[in-house]
Amino acid sequence: MPVSRPDSPMRTPRPGERPGSGGAGRALRAVGGPAVMKLVVAGGFGVGKTTFIGAVSEIPPLSTEEHLTQAGAATDHLTGVEHKTTTTVAFDFGRLSLDVPVPLELLLFGTPGQDRFLDIWYDLAAGAIGAVVLADTRRLEASFTAATFCEQIGLPFVVAVNEFDGAHRYPEHAIRDAFALRPNTPVVACDARATSSVAAVLLTLVQHALAAALARPAHSTDSTLLDA
Amino acid sequence: MRPHSGPKPLSAGASVEVADFVRTYTLTGGRTRPRHRLRLETVLELGPGRPGPALPLECEQILVLCRIRRRSVAELAGTLGRPVSAVRILVSDLLDTRALRVPVPAADSAYIPSSDPAAGNDPSVKLLEAVLAGLKTRFPDAYPQAG
């Protein structure tokens with residue numbers, strides 16, 4: 001499993017990104033906040049990501065916009081100048097606070113439905129615990145890109161099959177085959193409308209991420225730069 | 001009516017998008033880059049400083065929201081209905097005047113994602129254990145189903 005998240009082969013540097021530019025300065029920080037963790041909810045358009053986030057979020061899911069500057073499809077071959085276009089892309093956001101055993105805030109980020117906005121997927125996934133790849137049995141292929149993305153950047157993920165009423169139910173091995181999953185990647189069924197069902201998916205994901213973290217060589221050898 | 005193919009003036013949708021883009025960067029005084037590196041998940045709380053004069057309405061709204069509780073950049077942008085890139089610049093201004101600040105976890109350092117570049121941003125084992133315990137406490141009736 002590739003662990004080279006910061007410099008994975010798929011990754012393209014984004015405009016405005018400067019190496020070594022840290023967070024807000026130390027003087028601007030104040031001690032006393034909860035630890036903030038991210039979870040990503042990925043999957044194709046219309047598989048139920050907003051509903052899934054809404055089932056556990058303490059605020060109604062927000063649709064947050066970001067401007068993306070992309071190289072346009074058309075390139076001026078005479079001058080070699082690429083046309084840049086700015087598009088607006090929206091992602092879902094939800095929040096879940098936990099108090100026990102320590103104050104924690106889980107931020108839930110839903111990926112944009114369209115696969116072409118991969119730049120923002122990197123922002124959403126950076127530093128995340130892991131991802132739920134939500135799938136609709138009527139069109140599993142809509143969520144293949146999400147699973148591939150997670151595998152390529154080494155982000156732990158589970159496939160959660162959102163079982164709409166009356167939807168065809170596949171046996172687990174059929175889902176595994178369709179997604180070409182590694183044997184240790186969990187596959188669970190869920191009802192994206194039901195809080196306890198969504199919470200169970202999150203539990204499965206965090207358990208899986210914990211197992212992955214324990215298996216990571218860096219865990220036992222402290223700070224060896226294995227990817228160098 | 002469906003738009004014709006071939007050369008045509010900006011469609012209504014595109015001009016709305018351009019207008020929105022222009023409005024956003026009028027708001028930030030034409031700036032497109034914040035001075036502070038703010039992630040989507042960076043959480044802000046009210047600081048001890050006073051904001052400067054002639055504050056844009058959106059800055060006032062950010063301060064009102066953060067007075068109620070601490071909020072992430074993503075949540076502020078979603079609540080205000082403004083793009084993240086614009087909100088990053090406004091938040092950055094408010095950090096400069098210390099009207100806002102970034103809280104860090106008070107718990108021991110194991111709960112803070114490592115600052116060691118070799119470890120990347122991966123959450124620590126201890127933090128993941130805390131999340132697991134927190135979820136189990138919050139959702140005692142959550143039961144995983146086989147796929």
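This dialogue covers aromatic pairs and salt bridges in a predicted model.

Q: How is a pair of aromatic rings described?
A: Two quantities are given: the distance of the centres and the angle of the planes.

Q: How many aromatic pairs does the structure hold over all chains?
A: There are 5 aromatic pairs over all chains. One of them is formed by A:Trp121 and A:Phe149, with 5.2 Å centre to centre and 75° between the planes, an edge-to-face arrangement.

Q: Where in the chain do A:Trp121 and A:Phe149 lie?
A: A:Trp121 is in helix H2 (residues 118-125) of chain A and A:Phe149 in helix H3 (residues 144-153) of chain A. The two are 28 residues apart, and the pair links distant parts of the chain.

Q: Are A:Trp121 and A:Phe149 buried or exposed?
A: Both A:Trp121 and A:Phe149 are buried.

Q: What are the distance and angle for A:Phe144 and A:Phe179?
A: The centres of A:Phe144 and A:Phe179 are 4.9 Å apart and the planes are at 80°, so the pair counts as edge-to-face, the class for angles over 60 degrees. A:Phe144 belongs to helix H3 of chain A and A:Phe179 to helix H4 (residues 172-179) of chain A, 35 residues apart. A:Phe144 is partly exposed, with a relative accessible area of 29%, whereas A:Phe179 is buried at 9%.

Q: Which residues do ring pairs link into a cluster?
A: The cluster consists of A:Phe91, A:Phe93 and A:Phe109. The ring of A:Phe109 also has the charged end of A:Lys38 over it, 5.3 Å from the ring centre.

Q: Which parts does the salt bridge of A:Arg182 and A:Glu151 tie together?
A: The N to O distance of this bridge is 3.8 Å. A:Arg182 lies in the loop between H4 and strand S8 (187-190) of chain A and A:Glu151 in helix H3 of chain A, so the bridge ties together parts that are 31 residues apart in sequence. A:Arg182 is partly exposed at 33% relative accessibility.

Definitions and conventions: Residues numbered from 1 in each chain as written. Chains lettered and ligands numbered in written order. Predicted model: local features only at pLDDT ≥ 70, side-chain atom pairs only at ≥ 80, totals over all residues. Heavy atoms only, no water. Phe/Tyr/Trp six-rings, centres within 6.5 Å; stacked < 30°, edge-to-face > 60°. Helix = DSSP H or I, 4+ residues; strand = E, 2+ residues; numbered from the N terminus. Buried < 20%, exposed > 50% of the residue type's maximum accessible area, 1.4 Å probe, protein only. Lys NZ or Arg CZ within 6 Å of the ring centre and 35° of its normal. Salt bridge = Lys/Arg side-chain N within 4 Å of Asp/Glu carboxyl O.
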